[in-house]
Amino acid sequence: TPEVVEPALPGFGLHALLLFDADCSPVVLHTTVLGEPRQYERAGDGTWSSSVMDDLLAALGGAPSMLGIVSATTSADGTWLAVVSAAAAGTEHVVHARRAPAAGSAWTFTVLPAPEAGDVQAWAAAADGSVHAVYTNTAYPCDPCNMDLYYGRVAAGGSWTTETVQPGRWGDPNDEFAADASLAVDEAGAPWIAATFQTRVITGSLIGSELRFYGKIGGTWCHETVADHSDGYAGDDGAVFTGVTPQLALDGAGRFHVVFGDLSQWHDGLGQANGVPGQARYAVRAGTAWHLATVFEQPGRTESAQPLHAFDSPILAVSPDGADVRAAGVERIWDTDSIYNMEDKTVTLRLRAIDGAGLVAATVVDVATTRAVTSIAAVRTDDGVLVAWGETIGGIRQDVRLLLVHPDGSLGDERFATLGPETGAAPALAAGVSGVLLAYRGGQGLMRGVRAVPVDASGMPSGTVATIIETTDDDGDLAIATNGILVGR
């Protein structure tokens, strides 16, 4: 249900950002067109109140001539981190802002020098107090033009360091460059970037675009191509247009999540290029593989020229454990066959909860007449999904087996948790910070009980088998909570 946060803005305002405190109460950061930073907080009865962020103005030494809160994120421990771009007394600055998530906590601000950048595409504040930026230095008009994409970092007391992320190309046969970058910084301070890599003819028309993901290996920037074709959303120019306005986020397990769009492009009767961004797609990198899914489908111009369907302004939110992923954006419908609306049209804000998107199905074991599966357990790890099952062979022998299902659906080697004379059943799995723990019912003869053993990423037991309890009772299931507590019946 929409709520009015500010009924009377002094000017139209810039850069509204949403955060949640430790009580899950929303807080909105907003900058008015007059350069006044404000914080809006919602009380338990649903009413909103606002206050000027006077400490920020004091850190800048007075009223700025320009100010924008350009980035805000939440770190793994819940701390709020933000970047403020400002100009005061004729000098440009960036400000690293930090606040504890407890309701009513105060902000702390560190004023830093601004980068020498033409167009900053993305900002990020890191937990170590540094500010990061992705930018270009193209100076229009130009021929040739510098189309390189740069990354920079600055910390308190230092100056900006600059690195080239993606070299651009200008001129025959085509122009190539990265645009619309999204930036995330992990807990170790390492930068990661998602961007649209575009190829254009020298007259300007787009002839292809793809989603690229950038990171550093051994201090050198490299990239992976996540998607290079649209998923059914296309115009007359083909299906080679995707990776539009990507938004990148990391979860606490180090997985990368991206929401992005496709592009429906065509040339009209005058030979002019037209394009509409549409549908929402999602990519997650688990282990070393990317998995893609379309989470809000739309018809492209080849399916619906009138009306035209579009989706833009995507945003992405990921819970710390990566289990809860939400994507939102604006759906637009033009009741024409042209991208130029002659009158206002209704837009719809769409929200999608992404649950298991991009996962693949795999057959772990084919049950034959001599093999009967009695119970199954599974846990997700950075390398895929580790599956354990109890198996009766020939109606006599009981064993616990494990197998890793890779993110692309391929299978690892089948492992035995029980060897020699011991048998096993009713496996349970849990993943923790130090690895995966397997518990099962096992033993030999009358010496039976609940066993526990650590296993490695492939499912191979990697430590000593511990006996949790000895019992002659062989029935019941087991479960392990994520805090390591073993539960049995």
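**Disulfide, strands and salt bridges**

Reply: Taking a disulfide as a pair of cysteine sulfur atoms within 2.5 Å, the count comes to one disulfide. Keep in mind that this is a predicted model, where local features need pLDDT of at least 70, side-chain atom pairs count only at pLDDT 80 or more, and totals for chains, interfaces and linings use all residues. Residues are numbered from 1 along each chain as its sequence is written, and side-chain values use heavy atoms, with hydrogens and water left out.

Me: Which cysteines does the disulfide join?

Reply: C142 and C145, with an S to S distance of 1.8 Å. The torsion about their S-S bond is about 100°, so the disulfide is right-handed.

Me: And is C145 buried or exposed?

Reply: Buried, because its relative accessibility is 9% (buried means under 20% relative accessible area, exposed over 50%, partly exposed in between, with a 1.4 Å probe and protein chains only). C142 is partly exposed at 21%.

Me: What about C24 and C222?

Reply: C24 is exposed, at 61% relative accessible area. C222 is partly exposed at 31%.

Me: OK, strands now. Why is β22 called largely enclosed?

Reply: Seven of the 10 residues in β22 (residues 325–334) are buried, so the rest of the structure largely encloses this strand. Strands here are DSSP runs (E, at least two residues), as helices are (H or I, at least four), numbered from the N terminus.

Me: Which strands does β22 pair with?

Reply: β21 (residues 308–318) pairs with β22 in the antiparallel sense over nine bridges, and β23 (residues 347–354) pairs with β22, also antiparallel, over eight bridges. Pairing means DSSP finds at least two bridges between the strands. L316 has A327 of β22 as its bridge partner, while R326 is bridged to A353 in β23.

Me: How many residues sit between the strands in the β21 and β22 hairpin?

Reply: Six, and G322 in that hairpin takes a positive phi near 75°.

Me: How many salt bridges?

Reply: The count is 13 salt bridges, each a side-chain nitrogen of Lys or Arg within 4 Å of a carboxyl oxygen of Asp or Glu. One of them is E331 with R350, at 2.7 Å, N to O. That pair links distant parts of the chain, E331 in β22 and R350 in β23, 19 residues apart. E331 is buried at 9%, whereas R350 is partly exposed at 31%.

Me: What does D236 form a salt bridge with?

Reply: R301, with the closest N and O atoms 3.0 Å apart. Those two are 65 residues apart, D236 in the loop between β16 (220–227) and β17 (242–250), R301 in the loop between β20 (289–296) and β21. D236 is exposed at 53%, but R301 is buried at 18%.
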